[in-house]
Amino acid sequence: MTKLSVNINKIATLRNARGGNVPDLLQVAKNIQEYGGQGITIHPRPDERHIRYQDARDLKSIVYTEYNIEGNPEGKFIDLVLEIQPTQVTLVPDAVDAITSNAGWDTIKHHSF
């Protein structure tokens, strides 16, 4: 069982704010695993304000521990996880304009889905 999965979204936010590739998201993911992290978690959003969909693809070959992708199960997200086939997918039904996730998946409300 994974005890520590590190969400690297804020690393991507910093990289995107600076432009270029500093800090290097892939190197950060490698380091986390080498230093004992048992998983990498990302949450790509439709506006790609931190993790980009291409990051999710690039991380696939880097992550050898648990790879968890969080997101709102809309078409583009579902296509991404079907393509990548991460270890785990966490459904996060946040609105497109949400600054950050603030609720879990309501299984009763979304039962038919």
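This is a predicted model: local features need pLDDT of at least 70, side-chain atom pairs count only at pLDDT 80 or more; totals for chains, interfaces and linings use all residues.
Begin by selecting helix α1, residues 9-18. Its buried residues are Asn9, Ala12 and Arg15. Viewed down the axis of α1, these buried residues fall within an arc of 120°, so they line one face of the helix. Then turn to the face of α1 directed away from the buried side, where Lys10, Ala17 and Arg18 are exposed. Just after α1, select Gly19, which adopts a positive phi of about 80°.

Next, select strand β3, residues 66-71, where 6 of 6 residues are buried. In a regular strand the side chains alternate between the two faces of the sheet. Both faces of β3 are covered: one side carries Glu66, Asn68 and Glu70, and the other carries Tyr67, Ile69 and Gly71.

Now display the neighbours of β3. On one pairing, β2 and β3 run parallel over 4 bridges, and Ile40 has Tyr67 in β3 as its bridge partner. Follow the chain from β2 through α3 to β3 to trace a right-handed β-α-β crossover. Strand β4, residues 88-91, is also parallel to β3 and is joined to it by 4 bridges; here Asn68 has Gln88 in β4 as its bridge partner. With helix α4 (residues 75-84), β3 and β4 form a right-handed β-α-β unit.

Finally, select Lys76 and Tyr53. The charged end of Lys76 sits over the ring of Tyr53, 4.4 Å from the ring centre. A search for aromatic pairs returns 0 in this structure.

Conventions. Residues are numbered from 1 along each chain as its sequence is written. Side-chain values use heavy atoms; hydrogens and water are left out. Rings of Phe, Tyr and Trp (its six-membered ring) pair if their centres lie within 6.5 Å; planes under 30 degrees apart count as stacked, over 60 as edge-to-face and the rest as tilted. A charge sits over a ring if NZ of Lys or CZ of Arg is within 6 Å of the ring centre and within 35 degrees of the ring normal. Buried means under 20% relative accessible area, exposed over 50%, partly exposed in between (1.4 Å probe, protein chains only). Helices (H or I, at least four residues) and strands (E, at least two) are DSSP runs, numbered from the N terminus. The arc is that of the directions from the helix axis to the C-beta atoms. Two strands pair if DSSP finds at least two bridges between them. A crossover is right-handed if, with the strands pointing away from the viewer, the path from the first strand over the helix to the second runs clockwise.
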